[in-house]
Amino acid sequence: MPPTNPSLVAYYSRSGTTARVGHALALRLGADELAIEDLRGDVSVWRAALDRLLGTLPPVAEPTVALDRYGLVVLGTPVWGGRAASPVRRFLHDHGAALAQVAFFCTMGGSGADSAFADMQQRLGKAPRATCAIDAKALEGDRYLDTLDTFAARLADGAQAPLHTVPNGAVLHP
Ligand SMILES: Cc1cc2nc3c(=O)[nH]c(=O)nc-3n(C[C@H](O)[C@H](O)[C@H](O)COP(=O)(O)O)c2cc1C
């Protein structure tokens, strides 16, 4: 029988990093996975930077799953100029109302997670159950996997814990 309260990990990834993290997280949660697809195709760094500058909301593919089936949707994004990537902003704009509980994760070079999460929360009009930021340092090798284990455990039990920094450069928020 399918789980009664399944989870979904939905992410956009321009160059593969957020997809790698999202896939590892979905495995840990036993969650379904949805790659948010920018219908413009491959997006150059310059196009991404211009999106950020202009606040573009590009067209994204219709989700291939019924979002309102999921008790928890974990949304993943690369940080673009201290904001969520433009396809994620578009996804939230179009589908935010269908999401029950949410949690966020991001990948980034080194800064901007807090403002990106605030951007996502504002677009959704609802607070995430937990957030997880993973920077380039933590992504070297497989050290970010420990952070994902902790994040997944927190999502699984819904526990609230105070903000703490994981020694490998990643930050977990309750
Ligand atoms: C247009 C653009 C803006 C970016 N802005 C930031 C930023 O503000 N802070 C940061 O730490 N990294 C920034 N990055 C780096 C990405 O967030 C980082 O490389 C991310 O892991 C890429 O994920 P992806 O491979 O899933 O696309 C930026 C990258 C691009 C293309």
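**View 1. The β-α-β unit formed by β1, α1 and β2.** Strand β1 (residues 7-11), helix α1 (residues 17-29) and strand β2 form a β-α-β unit that is right-handed, a term for a path from the first strand over the helix to the second that runs clockwise with the strands pointing away from the viewer. The model is predicted; local features need pLDDT of at least 70, side-chain atom pairs count only at pLDDT 80 or more, and totals for chains, interfaces and linings use all residues. Residues are numbered from 1 along each chain as its sequence is written. Helices (H or I, at least four residues) and strands (E, at least two) are DSSP runs, numbered from the N terminus.

**View 2. The pairing of β1 with β2.** β1 and β2 (residues 32-35) pair in the parallel sense over four bridges, where pairing requires at least two DSSP bridges. D32 in β2 is the bridge partner of L8.

**View 3. The packing of α1 against α6.** The axes of α1 and α6 (residues 144-157) lie 9 Å apart at an angle of about 45°; axes are lines fitted to C-alpha atoms, for helices over the stretch in contact, and angles run from 0 to 180 degrees between N-to-C directions. The two helices are therefore oblique, the class left after under 35 degrees (roughly parallel), over 145 (roughly antiparallel) and 65 to 115 (roughly perpendicular).

**View 4. The packing of α3 against α4.** Helix α3 (residues 86-95) packs with helix α4 (residues 113-124) at about 20°, their axes 9 Å apart. α3 is therefore roughly parallel to α4. R89, L92 and H93 in α3 meet M120, R123 and L124 in α4, contact meaning C-beta atoms, placed from the backbone, within 7 Å.

Technical notes
Contact = placed C-beta atoms within 7 Å.
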